[in-house]
Amino acid sequence: MSVLAVKSLSKSFGGVHAVNQVSFTVARGEFLALIGPNGAGKSTCFNMINGQLAPDSGEILFEDKNIAGLAPRDIWRLGVGRTFQVAATFGSMTVVENVQMALISHGRETYGLWRPAASLHRERAIDLLAQVGMREAADRPSRELAYGDVKRIELAIALANEPRLLLMDEPTAGMAPRERNDLIKLVKQLVVERGISVLFTEHSMDVVFAYADRIIVLARGRLIADGDAAAIRENPQVQEVYFGTGKTFAHAQGAAP
Ligand code: ADP
Ligand code: MG
């Protein structure tokens, strides 16, 4: 059974077919990259799956339940996680407190005043921080973190919710190439251990080809290819939307949008 099955999904903005009759599946435990040039419809796809946008038509089956049009909170509760920005919301808390809040929220405990939360789940939160390589930062204020470290905390928070599908739209945006590679490598390691399926976008083709189990390609709202790294790299239609005719990924290392 697929964890996620998207069927004939469409969304227009005015006259723009941002997502046009798109269908694909994500298998259990699969690490699936969604790629395509800027404006291809990737974020619109993500936002329909996570509930921020209602589709015009089509189905989004999560574990066989149609979640199309449900509220983000309801989709999240069903087990669809996503990375989100911590710093803006919880900057005044320490790193470990941020993860504790996620654990509390996941368990749907009422904590009322701040005090009791201070000790609740601290050990589990520290353990999650250790897994993302941030144990040493546990008691530092979140607002002091470097950008790349915030991304690791976001990952710990996403994992605290024990999702079965994790959505990551440009998780490495703004990161240097080396950092991108390290973050995606870490994500893959952690989700494989847990059997979590992942749908992610990533601009670095080197990273996509290195880590994705399968790659799907959008261009102008349409799904134009679906296959493993070798098949996508050789696909003439994919090469054309990225580079125009005559060039390939091999000729354009690091130059992909
Ligand atoms: P990607 O994430 O692949 O770069 P998007 O899904 O953000 O692409 O955008 C797909 C198309 O839909 C683009 O033409 C974009 O301008 C348009 N679009 C996206 N969101 C909106 C919106 N809220 N209102 C109007 N047009 C939008
Ligand atoms: Mg986008």
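Helices and strands here are DSSP runs numbered from the N terminus, and a residue belongs to the shell around the ligand if one of its heavy atoms lies within 4 Å of it. With that in hand, welcome to these views of a predicted model.

**View 1. The shell around ligand 1, with α1 as its main contributor.** The largest share of this shell, 3 residues, comes from α1. Phe13, Val16, Ala18, Pro37, Asn38, Gly39, Ala40, Gly41, Lys42, Ser43 and Thr44 surround the ligand.

**View 2. Polar contacts of ligand 1 with Lys42, Ser43 and Thr44.** Here we zoom in on the oxygen atoms of the ligand. An N or O atom in the Lys42 side chain is 2.8 Å from an oxygen of ligand 1. Thr44 uses a polar side-chain atom, 2.6 Å from an oxygen of the ligand. On its own, ligand 1 has 560 Å² of accessible area, and the protein covers 57% of that. Two elements, β2 (16-27) and α1 (42-49), each give two or more residues to the shell.

**View 3. The protein chain around the site.** Stepping back, we find 11 helices and 10 strands in the chain. Of its 257 residues, 50% count as buried. The accessible surface comes to about 11900 Å², with 49% belonging to carbon and sulfur atoms. Among contacts between residues at least 6 apart in sequence, 64% join residues at least 24 apart.

Definitions and conventions: Residues numbered from 1 in each chain as written. Chains lettered and ligands numbered in written order. Predicted model: local features only at pLDDT ≥ 70, side-chain atom pairs only at ≥ 80, totals over all residues. Heavy atoms only, no water. Polar contact = N/O pair within 3.5 Å; in protein donor to acceptor, adjacent residues only side chain to side chain. Areas by Shrake-Rupley, 256 points an atom, 1.4 Å probe, with all protein chains shown as cover. Helix = DSSP H or I, 4+ residues; strand = E, 2+ residues; numbered from the N terminus. Buried < 20%, exposed > 50% of the residue type's maximum accessible area, 1.4 Å probe, protein only. Contact = heavy atoms within 4.5 Å.
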